[in-house]
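Could you walk me through this model in the viewer, one selection at a time? I would like to know what to click on next and what is there.

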Amino acid sequence: MLKPAPYSSTEVPTLLILYALAVAKEAETILEIGTHQGGSTAILAQALEACGGGVLHTIEVDPELIAAAKRVLADFDVPHVEIIYHHGPSTLVLPTLTARFDFAFVDGWHDPANVRQEIALLRPCMQPLGLIALHDVGANGKGPLGRVVAEAGGLPLALQCQGLGLIQC
C-alpha cells in the first residue's frame with residue numbers, strides 16, 4: 001500500500017501521478033533532482049519497489065535536507081530499492097552519472113535557464129523512451145517552466161496544483 005511521507009513540498013495529486021507514471025514505465029532506475037525533505041523520494045522509492053526493485057538516484061544541494069530525507073526514508077519498507085544520494089548542484093552532478101534512467105523527476109532550482117541546462121544534461125542519461133517529469137510548470141503549462149517544457153517538445157498536464165510537464169526521450 002502506498003504510504004505518503006510526513007512532509008512533502010509536492011502536492012498529493014502530483015505525487016500520485018509520479019507514482020503511477022513510474023510504475024507504468026516499469027522503472028528500474030529513477031533520477032530525482034531536488035530531494036528536499038524526501039517526500040517525492042519516498043513515493044518514487046515505493047514505485048520502484050512496486051516494480052520489483054531498482055535504484056533511485058536523488059540530487060540535492062543542501063546537506064541538511066539530504067540528512068532529513070534519509071531520516072524520512074528510514075521509515076519506508078523498500079528493501080529492494082537502493083537509494084543513492086548525490087550532494088551538489090544538479091548541473092555538476094548530472095555529468096558524473098553513469099546510470100541510464102527510465103524515469104526522472106525534476107523539482108530543484110526552478111530558474112528557466114537552469115532547468116534548460118538540466119534537461120540538456122539529463123537527455124543523454126535517459127533510456128530510450130524514458131520519461132522526464134518536471135514540477136511547477138504552472139497551471140496549464142503557462143508559467144516560465146511550462147515554456148521550457150514546450151521548447152523541449154514536452155507536454156504540460158493541466159492539474160489543480162502547480163502543474164507537471166512531461167518530456168519523452
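For the residue classes on this tour, Ala, Val, Leu, Ile, Met, Phe, Trp, Tyr, Cys and Pro count as nonpolar, Asp, Glu, Lys and Arg as charged, and the others, Gly among them, as polar. The model is a predicted one, in which local features need pLDDT of at least 70 and side-chain atom pairs count only at pLDDT 80 or more, while totals for chains, interfaces and linings use all residues. Residues are numbered from 1 along each chain as its sequence is written, and side-chain values use heavy atoms, with hydrogens and water left out.

**Stop 1: the cavities**

On a 1 Å grid over the protein atoms alone, a cavity is a set of points where a 1.4 Å probe fits but cannot get out; a pocket is an open set with protein on both sides within 12 Å along at least five of seven lines, and lining residues have an atom within 4 Å of a point. Grid points are joined across faces, edges and corners, and a volume is the space filled by probe spheres set on the points.

Searching the whole structure turns up two cavities of 30 Å³ or more.

Now move to the largest cavity, with a volume of about 50 Å³. Its lining includes Tyr-7, Thr-10, His-36, Ser-40 and Asp-107, and by class it has one nonpolar, 10 polar and one charged residues.

**Stop 2: the largest pocket**

The largest pocket holds about 250 Å³ of space. Of its 17 lining residues, select Gly-34, Glu-60, Val-61, Gly-108 and Trp-109, the closest to its centre. Strand 2 (54-60), helix 4 (90-93) and helix 5 (112-122) each give two or more residues to this lining; helices (H or I, at least four residues) and strands (E, at least two) are DSSP runs, numbered from the N terminus. By class, the pocket lining has six nonpolar, eight polar and three charged residues.

**Stop 3: the cysteines**

How many disulfides are there? The count comes to zero, a disulfide being a pair of cysteine sulfur atoms within 2.5 Å. Select Cys-125, in the loop between helix 5 and strand 5 (126-135). Its sulfur is 9.8 Å from the closest cysteine sulfur, in Cys-169, so the two are too far apart for a bond. Cys-125 counts as buried, at 5% relative accessibility (buried is under 20% relative accessible area, exposed over 50%, partly exposed in between, with a 1.4 Å probe and protein chains only). While you are there, show Leu-31 too: the C-alpha atoms of Cys-125 and Leu-31 are separated by 9.5 Å, although the residues are 94 apart along the chain.

Cys-51 is partly exposed, at 27% relative accessibility. The closest cysteine sulfur to that of Cys-51 is again in Cys-169, 18 Å away and too far for a bond.

**Stop 4: two positive phi angles**

Most residues other than glycine have a negative phi. Select Glu-26, in the loop between helix 1 (12-24) and strand 1 (29-33): its phi is positive, about 50°, and it counts as exposed at 61% relative accessibility. Then go to Asp-136, in the loop between strand 5 and helix 6 (144-151). Phi of Asp-136 is near 65°, and this residue is partly exposed, with a relative accessible area of 24%.
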